[in-house]
Each structure stands twice: as structure tokens, then as C-alpha cells.
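Trainee: Could we go through this structure together, one question at a time?
Mentor: Gladly, let's take a look.

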Amino acid sequence: MEGNGDGETQGGKFFTSSEVGKEINALNISVSQAILEDVGKIAAAGTKGGVEDNTNILAIIALRENKEFFTGGMSKGTPDDFIKSMLSNLAVDSMQAQRMDSTQNLIIKNIEKRRQSESGVSQDEEMTNLVKFQHSYTASARMITTLDQILDVTINRLGLVGR
């Protein structure tokens, strides 16, 4: 769309490329700097002095349905199609990132469980060892007590006959 709002001069562009010298495409489309600075430069009328003529504005609105709006190799379609495509891609990428995060958390939990099973302390096993060692200690103490009684009898009670 070309023109300006003063109704006298044509040639101003409504849309431009944000990359100087490049063709307009879905990645670089922007509203002309002249329009952004002064919206009075929008040429709504298609004819000089057409106060109630809105043909240019209708042509701008029609661009919304123009399937050849983006022709720069990147994509073809309406601006609306481009936005829908971008939102769809963003949603799919977001869901994939969430799934990957969930999967990574499960992997970390499984690795932690395996590490604990190899290097961790089992309370049941420790209790079993404690009971086993306690019985060993009790048996050793009884053996020492028995040996003490044998030695006591041998040393102190035998040989009293001749005194």
C-alpha cells in the first residue's frame, strides 16, 4: 500500500522490511517508520481529495486474507496463518520441553534409588548384624566365665589336700 494522508503525494509505503534492502517476509515485516511517527500519513483514500473514499483502507484490511502476502521463500500464507503457525509451534515446543523435564526428573530419581541401594545402609540388615554380634558377645562372655571357673577350681581348690 502506498500513499500518504495528505492526499497530494503518493509513494510512501505502509509496510517495510525491518532489514534494510531486504524483501518483506514473515520474519522482518514492520509498519513504516513514517506511519509510526505520524498516523496522518496513512492514505485512506484511493483518489486525490477523496474525503469519504476508503478504498486504500479496505485494501489494507484485505491484506489480512491475502495468501501471497509473504512471498520471500520463508513462508506463504496470510499474516493470520503465520501467527497461528507460530503459536502452534510454540505450544508444541513447550509441551515437549515439559515432557523432557518430567522424564529427566524420573531418570534422576531412578539413579538416586539405585545409588542408595548400592551404597546406602539397610536398617534391617544392620539390625540382623547387631543381634548376631550380641549373641556372639554373650557366647564369648559365657565361655570366659566357664574358663574362669575352671581355672579357679584348678588353682585354688586342687592341691589343698596336703596343706
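Trainee: Is Ser32 buried or exposed?
Mentor: Buried means under 20% relative accessible area, exposed over 50% and partly exposed in between, using a 1.4 Å probe and protein chains only. Ser32 has a relative accessible area of 8%, so Ser32 is buried.

Trainee: Before we go on, what kind of model is this?
Mentor: Residues are numbered from 1 along each chain as its sequence is written, and side-chain values use heavy atoms, leaving out hydrogens and water. Local features need pLDDT of at least 70, side-chain atom pairs count only at pLDDT 80 or more, and totals for chains, interfaces and linings use all residues, as this is a predicted model.

Trainee: Where does Ser32 lie?
Mentor: Helices (H or I, at least four residues) and strands (E, at least two) are DSSP runs, numbered from the N terminus. Ser32 lies in the loop between β2 (29-31) and α1 (33-37).

Trainee: Which residues is Ser32 in contact with, leaving aside its neighbours within four places in sequence?
Mentor: Contact means heavy atoms within 4.5 Å. With those neighbours left aside, the partners of Ser32 are Lys13, Phe14, Phe15 and Thr16.

Trainee: How many salt bridges are there?
Mentor: A salt bridge is a side-chain nitrogen of Lys or Arg within 4 Å of a carboxyl oxygen of Asp or Glu. Lys84 forms one with Asp80, and Arg115 forms one with Glu112. By this rule the count is two.

Trainee: How far apart are the closest N and O atoms of Lys84 and Asp80?
Mentor: Both residues lie in helix α3 (residues 79-119), four residues apart, about one turn of the helix. Lys84 is exposed at 51% relative accessible area, while Asp80 is partly exposed at 27%. Their closest N and O atoms are apart by 3.4 Å.

Trainee: What separates Arg115 and Glu112 along helix α3?
Mentor: Their side chains meet in a salt bridge at 2.6 Å, N to O. Arg115 is partly exposed at 44%, and Glu112 is partly exposed at 36%. Because they are three residues apart in helix α3, the separation is about one helical turn.

Trainee: Is Leu87 buried or exposed?
Mentor: Leu87 is placed in helix α3. Its relative accessibility is 55%, so Leu87 counts as exposed.
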